[in-house]
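Here are some notes to go with the model, for when you have it open in a viewer.

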There are 2 protein chains.
Amino acid sequence: VSKTTSRPTLTARELAVWRVFLRVHASLTRRLEQDLLLEHDLPLASYDVLVQLAEAPQRRLRMTDLADRVLLSRSGLTRLVDRLAAEGLVERESCASDARGMFTVITETGLGRLRQAAPTHLRGIEEYMTRRLDATELDTLGELLGRLLAESDPGAPEGGCGAAEGLAEPA
Amino acid sequence: VSKTTSRPTLTARELAVWRVFLRVHASLTRRLEQDLLLEHDLPLASYDVLVQLAEAPQRRLRMTDLADRVLLSRSGLTRLVDRLAAEGLVERESCASDARGMFTVITETGLGRLRQAAPTHLRGIEEYMTRRLDATELDTLGELLGRLLAESDPGAPEGGCGAAEGLAEPA
């Protein structure tokens, strides 16, 4: 029996953990989205794009790099960036010394919008996630999840929390 | 200082755990999607819809109930269901005894497609997630995640693993 035709060895318990993982993700992102829309009229996917740009060197990324970094859906990313540009939150910019195409840059208006929205977003993470676990449990969760990340996606950057924390400060 | 104007109390460590959670989700779903597209030409969001229908009573759901149950993006769900209907994987069906509108039902073709794709999907969950943790670690991860779910989303159903496992069996 070859590997490709053998039955998967996933148990019901293992599948249940995967499903809880998906369900927690759906639940948390929907509540965070609801809060951002209600208080700042800003979809979570837009917040995600603005954060990735704000934390990038010179606050700019090529679309391919932006697509690699966004943590929510990549589908519709081009249209989303078009909408953010129409609102003045990002700009397209060509780079004279680099023929590899256009950058998307976050504007001062975009940074201001992000700074306004950050307290709502961080409050939501605290309320919906971190408050529900004590420090040891949170460390354990981070360690177990990090193991999945380190092995499945070794090239992924590890965070850049300082920059995002800075966004929570009043401008 | 009122609650609404005080700074969020989220620490860098807490934010890092949230970001690892998002990054693991992005990494795992992208790899699972890639496998399903490559081996079955079936997007992960389509797989998600077919599973929710297959596990529902009488294998049918109203669109509003389907939107509540899907674990990936709800945006574009109507168009996605339109595409699945065009492929013959689902059908629209009205219910004579219930004036509250149309149901979406998974067809025999849709069930067959799901049974074909399930081994690929379950193999991916095993390879990218559960294999990387031992039984105790997996239990701990499930318990910590489940705590987030139970408190943040008390109405959420707890799983229905048996039905999905059944899909892994050859038809």
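Where in chain A does A:Arg59 lie?

1. A:Arg59 lies in the loop between α2 (44-55) and β1 (60-62) of chain A. Helices here are DSSP runs of H or I with at least four residues, strands are runs of E with at least two, and both are numbered from the N terminus. A:Arg59 is not a glycine, yet has a positive phi of about 55 degrees. Most residues other than glycine have a negative phi. With 33% relative accessibility, A:Arg59 counts as partly exposed; buried means under 20% relative accessible area, exposed over 50%, and partly exposed in between, using a 1.4 Å probe and protein chains only.

2. Some bookkeeping. This is a predicted model, with local features needing pLDDT of at least 70 and side-chain atom pairs counting only at pLDDT 80 or more, while totals for chains, interfaces and linings use all residues. Residues are numbered from 1 along each chain as its sequence is written, chains are lettered from A and ligands numbered from 1 in the order written, and side-chain values use heavy atoms, leaving out hydrogens and water.

3. Chain B has a positive phi to check as well: B:Asp41, a residue other than glycine, has phi near 50 degrees. B:Asp41 is in the loop between α1 (12-40) and α2 of chain B, and at 57% relative accessibility it counts as exposed.

4. Now the sheet in chain B. Three strands form an open sheet in the order β1-β3-β2, with antiparallel pairing (strands pair if DSSP finds at least two bridges between them). β1 (60-61) and β2 (90-94) of chain B are at the edges with a single partner strand each, so one side of each has no neighbour in the sheet. β2(B) and β3 (residues 102-106) of chain B run antiparallel, joined by five bridges. Across that pairing, B:Val90 is opposite B:Ile106 in β3(B).

5. Which helix of chain B packs on the sheet, touching β1, β2 and β3? That is α2 (residues 44-55) of chain B, whose direction makes about 100 degrees with that of β3(B). Contact means heavy atoms within 4.5 Å; axes are lines fitted to C-alpha atoms, for helices over the stretch in contact, with angles from 0 to 180 degrees between N-to-C directions. Helix α4 (residues 77-86) of chain B lies across β2 and β3 of chain B, at about 105 degrees to β2(B).

6. On to the aromatics. There are three aromatic pairs over all chains. A:Trp18 and A:Phe21 have ring centres 5.9 Å apart and planes at 25 degrees, so they are stacked. Rings of Phe, Tyr and Trp (its six-membered ring) pair if their centres lie within 6.5 Å; planes under 30 degrees apart are stacked, over 60 edge-to-face, the rest tilted. A:Trp18 and A:Phe21 are three residues apart in helix α1 (residues 12-40) of chain A, about one turn of the helix, and both are buried. A:Phe21 and B:Phe21 make an edge-to-face pair, 5.2 Å centre to centre with 65 degrees between the planes. A:Phe21 is in α1 of chain A and B:Phe21 in α1 of chain B, so this pair joins two chains.

7. Last, the arginines. A:Arg60 lies over the face of A:Phe103, 5.8 Å from the ring centre, and the charged end of B:Arg60 sits over the ring of B:Phe103, 5.9 Å from its centre. The criterion is NZ of Lys or CZ of Arg within 6 Å of the ring centre and within 35 degrees of the ring normal.
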